[in-house]
Amino acid sequence: MQGTVDGFSYGTVTPLTAYVMACLGAALGLRCITRSLRNDQSWKPGWLALGAASIGCGIWTMHFIAMIGFQVEESRIRYDVGLTILSLAVAIAVVGLGVFAVGYRGANTTTLLIAGTFTGLGVAAMHYIGMAAIRLNGSLRYEVPTVALSVLIAVVAATAALWAAVAIRGFLTSLAASLVMGVAVTGMHYTGMAAVSVHLHGASGTVGSGGSAHSLLLPMLIGPVLFLALAGVVVMFDPMLVLGDGDWNRTASRRRTPAGSVPRADPPAWSGSAFEAPPRTDRRAYGSGGPGRRDG
């Protein structure tokens, strides 16, 4: 007997919220990775790890927010705690491996293909581990072509994300890239869900142990959401990430100054109103000897 599957039991609330969380994790991750690559004085492993954890938490949070809207009319749904936690660990670990690969080896074609494929397969594995955590009075069945399409979307999305993490530096371009990544990751999830059908065991079957979507998933979502909020605070209070390319360009120009030469001094800061002209500096008032000394 086939079960009646509803993936949008709360309407558009769950898919839109899931998309927002995927975009948030991608945006924070891209900015952290960019921070590690554009400044030699930053603690590179720390920023890469923060970026990977942000993207991984965003993907995992997206998945289980979307799963809150997944229901089978003829059976209650519960989730195995161990497999749910494992899916979070897999998401962060595989994204971390891909991020560290491009962070230290660069975005050459070989590295991108290998790291993107591995990370995409890991993201797909996270999705299907999360699906394996479902406990209901029946069994899940999958359409192989649709599953293959979801894995392909995950690989393409992961490769594009790793390329964007290395190639994109501007704040607005990173924001645009995160919106596209959110579409890809959420699309991968719902493509995988479109492959699912439920074969019921009958009225005498048991659901099995585990927590319901509200008793287990909602409390478990608090941790990753708080982590993303803290990562957002770190990003927003780091001037290198907020100001964008200007500071990076000035830092790079100082590094390019030849050894032994005197770098050109920046003009003195003018603290007056933005609508007032700065005072004019006239060297003739001092002569060639500098302030306090007259010619002749």
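This is a predicted model: local features need pLDDT of at least 70, side-chain atom pairs count only at pLDDT 80 or more; totals for chains, interfaces and linings use all residues.
Local features need pLDDT of at least 70 and side-chain atom pairs count only at pLDDT 80 or more, while totals for chains, interfaces and linings use all residues. Residues are numbered from 1 along each chain as its sequence is written, and side-chain values use heavy atoms, with hydrogens and water left out.

Start with the rings. Rings of Phe, Tyr and Trp (its six-membered ring) pair if their centres lie within 6.5 Å; planes under 30 degrees apart are stacked, over 60 edge-to-face, and the rest tilted. By this rule there are five aromatic pairs. One of them joins Phe 64 and Tyr 79: the centres are 6.3 Å apart and the planes at 75 degrees, so the pair is edge-to-face. Phe 64 lies in helix α2 (residues 44–68) and Tyr 79 in strand β3 (residues 78–79), so the pair ties together parts that are 15 residues apart in sequence. Helices (H or I, at least four residues) and strands (E, at least two) are DSSP runs, numbered from the N terminus. Phe 64 is buried, at 0% relative accessibility. Tyr 79 is buried too, at 1%. Buried means under 20% relative accessible area, exposed over 50%, and partly exposed in between (1.4 Å probe, protein chains only). Ring pairs also bring in Trp 60, which forms a cluster with Phe 64 and Tyr 79.

Now turn to helix α3 (residues 81–105). Phe 100 and Tyr 104 both lie in it, four residues apart, about one turn of the helix. Their rings are stacked, 6.1 Å centre to centre with 15 degrees between the planes. Phe 100 is partly exposed at 29%. Tyr 104 is partly exposed at 48%. The charged end of Lys 44 sits over the ring of Tyr 104, 4.7 Å from its centre. That takes NZ of Lys or CZ of Arg within 6 Å of the ring centre and within 35 degrees of the ring normal.

Last, the cavity. On a 1 Å grid over the protein atoms alone, a cavity is a set of points where a 1.4 Å probe fits but cannot get out; lining residues have an atom within 4 Å of a point. The structure holds one cavity of 30 Å³ or more. The largest cavity has a volume of about 220 Å³, the space filled by probe spheres set on the points. Its lining has 21 residues, with Ile 55, Ile 59, Ala 158, Ala 161 and Met 181 nearest the centre. The largest share of this lining, six residues, comes from α5.

Definitions and conventions. On a 1 Å grid over the protein atoms alone, a cavity is a set of points where a 1.4 Å probe fits but cannot get out, and a pocket is an open set with protein on both sides within 12 Å along at least five of seven lines; lining residues have an atom within 4 Å of a point.
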